[in-house]
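Please look through the sequence and the coordinates below before reading on.

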Amino acid sequence: MSFDIFLRNIPIRIKTDEVRRYLGEYRGITVVPERINAIIKKLSAISRAFINASASSRAFKIALWSEDGVETEAMSLPGRDISKLLKEASEVIFCATTIGSRLEKKINELLEEKRTLEAMILDAIGSTAADTAMDYLNNLLKAEATRRRLTLTRRYSPGYGDLPLSIQGNLLRASGGDKLGIKVSPSYTLIPKKSVTAVIGVMKI
């Protein structure tokens with residue numbers, strides 16, 4: 001295996017506690033009512049028919065590092081925060097995951113039917129599924145890094161710190177996320193919405 005990965009049909013298990021967190025539950029402070037928990041379980045089971053998770057990643061050497069940004073063989077990463085994260089890295093892995101658009105269409109159908117609560121819960125399930133797909137890819141990359149006696153930085157996404165959202169288009173092309181059908185709106189929102197992009201540095205141990 002290498003850091004260049006392209007996956008379809010990733011198995012997704014919905015973590016109920018993560019869905020509750022997306023719904024605003026703060027452990028030890030607020031608790032989602034049991035009635036809502038029952039709906040989460042029901043919709044989590046239904047959501048499997050609407051989730052089609054896929055992932056893509058590609059690695060590139062760092063060509064130039066400065067305190068204001070990083071140049072790779074594929075694209076530029078402007079910003080002092082990403083520069084700090086990648087200070088010790090020799091390569092950068094560009095990542096993209098999505099669960100597709102079917103769940104989003106189902107959410108819109110529920111909203112049109114004024115079933116707002118179910119739409120809100122299904123939206124939280126979709127966000128959880130998108131994160132889980134990225135976790136799945138991240139774990140594969142960690143395993144490959146360990147095999148090569150390398151280590152990875154934490155993952156970092158456009159919009160974190162001073163890394164601008166305007167790099168989304170280049171990041172999708174560099175990661176191969178465009179081959180998954182992910183697009184970027186003029187306001188740099190990913191389409192389908194339940195998609196995630198990220199940057200991970202590769203370092204020597």
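Two strands are taken as paired if DSSP finds at least two bridges between them, and the elements themselves are DSSP runs numbered from the N terminus, helices being H or I of at least four residues and strands being E of at least two. The model is predicted, so that local features need pLDDT of at least 70 and side-chain atom pairs count only at pLDDT 80 or more, while totals for chains, interfaces and linings use all residues. Residues are numbered from 1 along each chain as its sequence is written, and side-chain values use heavy atoms, with hydrogens and water left out.

For the interior, a nonpolar core is defined as a set of buried Ala, Val, Leu, Ile, Met, Phe, Trp, Tyr and Cys residues joined through side-chain atoms within 4.5 Å, where buried means under 20% relative accessible area, exposed means over 50%, and partly exposed lies in between (1.4 Å probe, protein chains only). The largest such core has 40 residues, of which Phe 3, Ile 12, Ile 93, Cys 95, Leu 141 and Leu 152 touch the most other members. At least two residues of this core come from each of α2, β2, β5, α4 (102-112), α5 (116-147), β6 (150-152) and β9 (195-204), and α5 gives the most, with 12 residues. Contact being heavy atoms within 4.5 Å, Leu 152 touches, among others, Phe 3, Ile 93, Leu 141, Ala 145, Ile 200 and Val 202, when residues up to four places away in sequence are not counted. Apart from this core lies another, of 18 residues, among them Val 70, Ala 89, Val 199 and Met 203.

Rings of Phe, Tyr and Trp (its six-membered ring) pair if their centres lie within 6.5 Å, with planes under 30 degrees apart counted as stacked, over 60 as edge-to-face and the rest as tilted. By this rule there are 2 aromatic pairs. Phe 60 and Phe 94 form a tilted pair, 5.9 Å centre to centre with 45° between the planes, and this pair links strand β2 to strand β5 across 34 residues of the chain. Phe 60 is buried at 14% relative accessible area, and Phe 94 is buried at 0%. The pair of Tyr 156 and Tyr 160 is edge-to-face because the planes lie at 80°, the ring centres being 5.4 Å apart; Tyr 156 is buried at 5%, whereas Tyr 160 is partly exposed at 43%.

A charge sits over a ring if NZ of Lys or CZ of Arg is within 6 Å of the ring centre and within 35 degrees of the ring normal. Arg 148 has its charged end over the ring of Phe 3, 4.3 Å from the centre, and Arg 21 lies over the face of Tyr 22 at 4.9 Å.

With a salt bridge defined as a side-chain nitrogen of Lys or Arg within 4 Å of a carboxyl oxygen of Asp or Glu, the count comes to 12. Asp 68 and Arg 80 form one, their closest N and O atoms being 2.9 Å apart, and this pair connects the loop between β2 and β3 with helix α3 (residues 80-85). Asp 68 is exposed at 51% relative accessibility, while Arg 80 is partly exposed at 47%; Glu 67, Asp 68 and Arg 80 are linked in a network of salt bridges.
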